[in-house]
Amino acid sequence: MKIIDKSFNFSKVYEFNVEMACDGCSGAVKRVLGRLSGTQVSSIDIDMEKQKVYVTTTLPSENILAKIIKTGKACSFVGERS
Amino acid sequence: ASLAVVSVIGMTCNSCVKSIEGTLSDMNAIKFIGVSLEKKQATVRYDSKEMTERDIVENIEDMGFDATILQTETN
C-alpha cells in the first residue's frame, strides 16, 4: 500500500532554466527561494551542468519565476515535472 | 546624494558582482555603484529623497545575497 503524504499533495515540481555561472550564483538562487520555504516551498534542487532549478512548491510557478528574475539572472519557466 | 557602504555576503565570482552592479545601476535613484568581490562590499551613491539605504539592502537581498549597512553619509 503506497502512503501518499497528503499534506503536500497539491504541491508541484516546477522546472526552470536559470543561467548560473558559479556556485555563488546557485547559492543566490537557493537563498532567495529558501526565504519562501517552510510550508510553501518544500525543496529546491539545482543542476549546475544543465543550468536547471527544480522547485517543489504549493505556490504558482509565476511567483517562483518572479523571485528568480529578481536575482538578475537570465531564466525561463520550462514546465511542470510529472 | 548620499553614500552608503554595504557589506554583501554570498558573492563568489565576477558574474555575481556584475549582476549586482547591473541591476542596481539601472535604477535612476542610484547614481553610482561599485562592488568589490575581495572586500565583499558595495559602495552606493544614491538620491536619498527617492531611495533609503533600507531599499538598497532589500534590493541586494532580493538578488540572493545577505546585505547589511556598514556606513552611511547623507549630505
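Mentor: Start with the record. An unreviewed UniProt entry places the annotation "domain: HMA" on residues 11–76 of chain A. Bear in mind that this is a predicted model.

Trainee: What is the make-up of residues 11–76 of chain A in helix and strand?

Mentor: Residues 11–76 of chain A are 33% helix and 33% strand. The end C-alpha atoms of that stretch are 20 Å apart.

Trainee: Why is A:Lys50 called exposed?

Mentor: The cut-off for exposed is over 50% relative accessible area. A:Lys50 has 54% relative accessibility, so A:Lys50 counts as exposed. A:Lys50 sits in the loop between strand 2 (41–47) and strand 3 (52–57) of chain A.

Trainee: How far is A:Lys50 from A:Glu19 in sequence and in space?

Mentor: The two are 31 residues apart in sequence, and their C-alpha atoms are 9.4 Å apart in space.

Trainee: Why does A:Gln51 count as partly exposed?

Mentor: Partly exposed lies between the buried limit, under 20%, and the exposed limit, over 50%. A:Gln51 has 23% relative accessibility, and therefore counts as partly exposed. A:Gln51 is also in the loop between strand 2 and strand 3 of chain A. Its phi is near 55 degrees, which is a positive value in a residue other than glycine.

Trainee: Which residue of chain B has phi near 55 degrees?

Mentor: B:Lys40 does, and here too the value is positive in a residue other than glycine. B:Lys40 is placed in the loop between strand 2 (30–36) and strand 3 (41–46) of chain B. Its relative accessibility is 40%, so B:Lys40 counts as partly exposed.

Trainee: What makes A:Lys52 buried?

Mentor: Buried means under 20%. A:Lys52 has 14% relative accessibility, so A:Lys52 counts as buried. A:Lys52 belongs to strand 3 of chain A. Leaving aside neighbours within four places in sequence, the residues in contact with A:Lys52 include A:Phe16, A:Met20, A:Ile46 and A:Val78.

Trainee: How do you know that A:Lys52 and A:Asn17 make a polar contact?

Mentor: The distance limit for a polar contact is within 3.5 Å. The side chains of A:Lys52 and A:Asn17 make theirs at 2.6 Å, so the distance meets the limit.

Trainee: Now the two chains. How many residues does each give to the contact?

Mentor: Chain A gives 14 residues and chain B gives 14 residues. The area buried between them is about 960 Å², with 48% of it from carbon and sulfur atoms. Of the area that chain A buries against chain B, A:Arg31, A:Arg35 and A:Lys70 supply 43%, more than any other three residues.

Trainee: Why is the pair B:Asp66 and A:Arg35 called a salt bridge?

Mentor: The definition asks for a side-chain nitrogen of Lys or Arg within 4 Å of a carboxyl oxygen of Asp or Glu. In this pair the closest N and O atoms are 3.5 Å apart, so the pair qualifies. Between chain A and chain B the count is three salt bridges. There are also five residue pairs in polar contact, with both residues at pLDDT 80 or more.

Trainee: Which elements give two or more residues to the side of chain A that touches chain B?

Mentor: They are helix 1 (23–34) and helix 2 (61–70) of chain A. Helix 1 gives the most, with six residues. By class, that side of chain A has five nonpolar, three polar and six charged residues.

Key. Residues numbered from 1 in each chain as written. Chains lettered and ligands numbered in written order. Predicted model: local features only at pLDDT ≥ 70, side-chain atom pairs only at ≥ 80, totals over all residues. Heavy atoms only, no water. Contact = heavy atoms within 4.5 Å. Buried area = accessible area lost by both parts, 1.4 Å probe. Polar contact = N/O pair within 3.5 Å; in protein donor to acceptor, adjacent residues only side chain to side chain. Helix = DSSP H or I, 4+ residues; strand = E, 2+ residues; numbered from the N terminus. Nonpolar A, V, L, I, M, F, W, Y, C, P; charged D, E, K, R; others polar. UniProt positions renumbered as here; feature names shortened; annotations may be inferred. Buried < 20%, exposed > 50% of the residue type's maximum accessible area, 1.4 Å probe, protein only.
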